[in-house]
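Dear colleague,

I am passing on the structure we spoke about, together with notes on what turned up when I went through it. Please read the notes with the model open beside you.

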Amino acid sequence: MITITIYRNHTGRYTGLHCIGHAGFERFGKDIVCAAVSVLVLNTLNAVDAFTDEEFDFESDPESGLIDICFRHPGGHDVGLLFDTMVLGLKEIASQYGTDYILLTIKEV
């Protein structure tokens with residue numbers, strides 16, 4: 001199962017993301033759930049890096065499925081828009097494939 005935790009502060013600004021695991025929907029290389037989540041998360045992080053001035057720390061490990069990002073300061077408007085778009089896509093994947101494969105949590109920190 002892929003477990004994704006998205007962190008927001010008390011004002012609703014995004015502060016980070018922790019994604020780990022593999023969906024197990026299909027065998028390695030054929031898992032469309034894993035591929036969809038990876039594309040959404042990694043494209044969002046690439047967009048944050050390319051189109052904003054936000055500073056963040058990033059860690060990944062393909063074997064465990066780890067993608068971890070921590071903003072040095074809560075993300076601004078552009079990060080909010082990019083993350084809102086990612087969350088929309090992740091919620092849709094979760095609703096289509098169920099919590100056996102993806103668990104999405106949004107936590108206030």
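A salt bridge here is a side-chain nitrogen of Lys or Arg within 4 Å of a carboxyl oxygen of Asp or Glu. Please keep in mind throughout that this is a predicted model.

**Salt bridges**

By that rule the count comes to three salt bridges. In one of them Asp-57 pairs with Arg-72, and the closest N and O atoms of the two are 2.9 Å apart. This pair links distant parts of the chain, since Asp-57 belongs to strand β3 while Arg-72 sits in the loop between β4 and α2, 15 residues apart. Arg-72 also forms a salt bridge with Glu-55, where the closest N and O atoms are 3.5 Å apart.

As for accessibility, Asp-57 counts as partly exposed because its relative accessibility is 41%, and Salt bridges that share partners join Glu-55, Asp-57 and Arg-72 into one network. Arg-72, at 47% relative accessibility, counts as partly exposed, and Glu-55, at 45%, is likewise partly exposed.

The remaining pair to mention is Arg-27 with Glu-26, whose side chains meet in a salt bridge at 3.9 Å, N to O. Arg-27 counts as exposed because its relative accessibility is 53%, whereas Glu-26, at 39% relative accessibility, counts as partly exposed.

**How the two helices pack**

How do α1 and α2 lie relative to each other, roughly parallel or roughly antiparallel? Their axes are 10 Å apart and the packing angle is about 175°. Angles over 145 degrees count as roughly antiparallel, and α1 and α2 are therefore roughly antiparallel to each other. On the α1 side the residues in contact include Ile-32, Val-37, Val-41, Leu-45 and Phe-51, and on the α2 side they include Val-79, Phe-83, Met-86, Leu-90 and Tyr-97. Sorted by class, the contact of α1 with α2 has 17 nonpolar, two polar and one charged residues.

**The nonpolar core**

The largest nonpolar core has 25 residues, of which Ile-4, Ile-6, Leu-17, Val-37, Val-41, Phe-83 and Leu-90 touch the most other members. The elements that give two or more residues to this core are β1 (2-8), β2 (14-20), α1, β4 and α2, and α2 gives the most, with seven residues.

Leaving aside neighbours within four places in sequence, Ile-6 is in contact with residues including Tyr-14, Leu-17, Phe-83, Met-86, Leu-90, Leu-104 and Ile-106.

**Three further positions**

Thr-5 is placed in strand β1 and counts as buried because its relative accessibility is 11%. Not counting residues up to four places away in sequence, Thr-5 touches Gly-16, Leu-17, His-18, Thr-105 and Lys-107.

Gly-65 has its place in the loop between β3 and β4, and with a relative accessible area of 13% Gly-65 is buried. Not counting residues up to four places away in sequence, Gly-65 touches Cys-19, Ile-20, Gly-21 and His-22. Gly-65 and Ala-23 are 42 residues apart in sequence, and their C-alpha atoms are 9.4 Å apart in space.

Asp-68 is found in strand β4 and, at 24% relative accessibility, counts as partly exposed. Leaving aside neighbours within four places in sequence, Asp-68 is in contact with Leu-17, His-18, Asp-57, Phe-58 and Glu-59; of these, Asp-57 is also a salt-bridge partner of Arg-72. Asp-68 and Gly-16 are 52 residues apart in sequence, yet 7.6 Å apart in space, C-alpha to C-alpha.

With best regards

Definitions and conventions. Residues numbered from 1 in each chain as written. Predicted model: local features only at pLDDT ≥ 70, side-chain atom pairs only at ≥ 80, totals over all residues. Heavy atoms only, no water. Buried < 20%, exposed > 50% of the residue type's maximum accessible area, 1.4 Å probe, protein only. Helix = DSSP H or I, 4+ residues; strand = E, 2+ residues; numbered from the N terminus. Axes fitted to C-alpha atoms, helices over the stretch in contact; angles between N-to-C directions. Parallel < 35°, antiparallel > 145°, perpendicular 65-115°, else oblique. Contact = heavy atoms within 4.5 Å. Nonpolar A, V, L, I, M, F, W, Y, C, P; charged D, E, K, R; others polar. Core = buried A, V, L, I, M, F, W, Y, C linked by side-chain atoms within 4.5 Å.
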